[in-house]
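Student: I would like to go through the words used for this structure and see what each one rests on. Can we take them one at a time?

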Amino acid sequence: VEAVHLIADGKAPRIPQPKEGATYEGIQKKENAEISWDQPAAALHNWIRGHDKVPGAWATIDGQVVTFYGSSLLDASVPAGQELVIKGASRPGLVTKNGLVIFGNDGKMVLVRNLQFEDGKMIPASKYFSADETTALELTEEEKKMAEDIR
């Protein structure tokens, strides 16, 4: 009750919280989440995982910013896949049936399951090279008539 009265009277003591020992890390910004490739696989995995979902760890691939989601350490032999050049990486990634395999500077691997492009489109990393393939939508005569009626 005494504390409430002190606050109500404007006489409560104000002690600023010291910055030393504070654990709050402010809001992360996308520009600060770029992946630094000169580190071991475990650090790459932790960086991607730590920025998953917001703001999203990213790298430049084919001149565009691609955000990586859903990483896990991969402890196996190097899988077969199609090479993908990633800006800044000392070794190309591999697009495999399970996702994108990236390499740390220690030679160990990280598997990334999903990729998001600048336009917001998210795909499974395993479909990177087939992402541009689209199928044409063919309507039946009945569907064409319905579409015309809707227009």
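Student: Why is E141 called exposed?
Tutor: Its relative accessible area is 61%. Exposed means over 50%, buried means under 20%, and partly exposed is in between (1.4 Å probe, protein chains only). E141 is called exposed because 61% is over 50%. This is a predicted model, in which local features need pLDDT of at least 70 and side-chain atom pairs count only at pLDDT 80 or more, while totals for chains, interfaces and linings use all residues. Residues are numbered from 1 along each chain as its sequence is written, and side-chain values use heavy atoms, with hydrogens and water left out.

Student: What makes K144 partly exposed?
Tutor: The relative accessible area of K144 is 44%. That value lies between 20% and 50%, so K144 counts as partly exposed.

Student: How do you know that K144 and E141 form a salt bridge?
Tutor: A salt bridge is a side-chain nitrogen of Lys or Arg within 4 Å of a carboxyl oxygen of Asp or Glu. For K144 and E141 the closest N and O atoms are 3.7 Å apart, so the pair meets the definition. Side chains of opposite charge can pair when their charged atoms come close.

Student: Where do K144 and E141 lie?
Tutor: Both are in helix α3, residues 141-150, three residues apart, which is about one turn of the helix. Helices (H or I, at least four residues) and strands (E, at least two) are DSSP runs, numbered from the N terminus. An α-helix has 3.6 residues a turn, so residues three or four places apart point the same way.

Student: How many salt bridges does the whole structure have?
Tutor: The search finds three. Another one joins D149 and K145, at 3.3 Å from N to O. D149 and K145 are four residues apart in helix α3, so about one helical turn separates them. D149 and K145 are both exposed. R151 and E148 also form a salt bridge, with the closest N and O atoms 3.2 Å apart, and both of these residues are exposed.

Student: Why is T60 called buried?
Tutor: T60, in strand β1 (residues 57-61), has a relative accessible area of 17%. This is under 20%, so T60 is buried.

Student: What does T60 contact, leaving aside its neighbours within four places in sequence?
Tutor: T60 is in contact with I86 and K87. Contact means heavy atoms within 4.5 Å.

Student: Why does Q39 count as buried?
Tutor: Its relative accessibility is 19%, and the limit is under 20%, so Q39 is buried. Q39 is in the loop between α1 (2-8) and α2. Not counting residues up to four places away in sequence, Q39 touches L44, G104 and N105.

Student: Which residues of helix α2 are buried?
Tutor: In α2, residues 41-50, they are A41, L44, H45 and I48.

Student: What puts them on the same side of α2?
Tutor: They cover an arc of only 100° around the axis. The arc is that of the directions from the helix axis to the C-beta atoms. These buried residues pack against β1, β2 (64-74), β5 (99-103) and β6 (109-116).

Student: Why does I27 count as exposed?
Tutor: I27, in the loop between α1 and α2, has 75% relative accessibility, which is over 50%, so I27 is exposed.

Student: What stands out about phi of D62?
Tutor: Phi of D62 is near 50°, a positive value in a residue other than glycine. D62 lies in the loop between β1 and β2. Most residues other than glycine have a negative phi, and most peptide bonds are trans. A cis peptide bond joins D52 and K53, with omega about -5°, and another cis bond joins V54 and P55, with omega about 0°.

Student: How many helices and strands does the chain have?
Tutor: Three helices and seven strands.

Student: What makes the chain more spread out than a compact globule?
Tutor: Its radius of gyration is 24 Å, well over the 15 Å that the globule rule gives for 151 residues, so the chain is more spread out. The radius is taken over C-alpha atoms, and the rule is 2.2 Å times the number of residues to the power 0.38. Along its principal axes the C-alpha trace spans about 80 × 60 × 25 Å.
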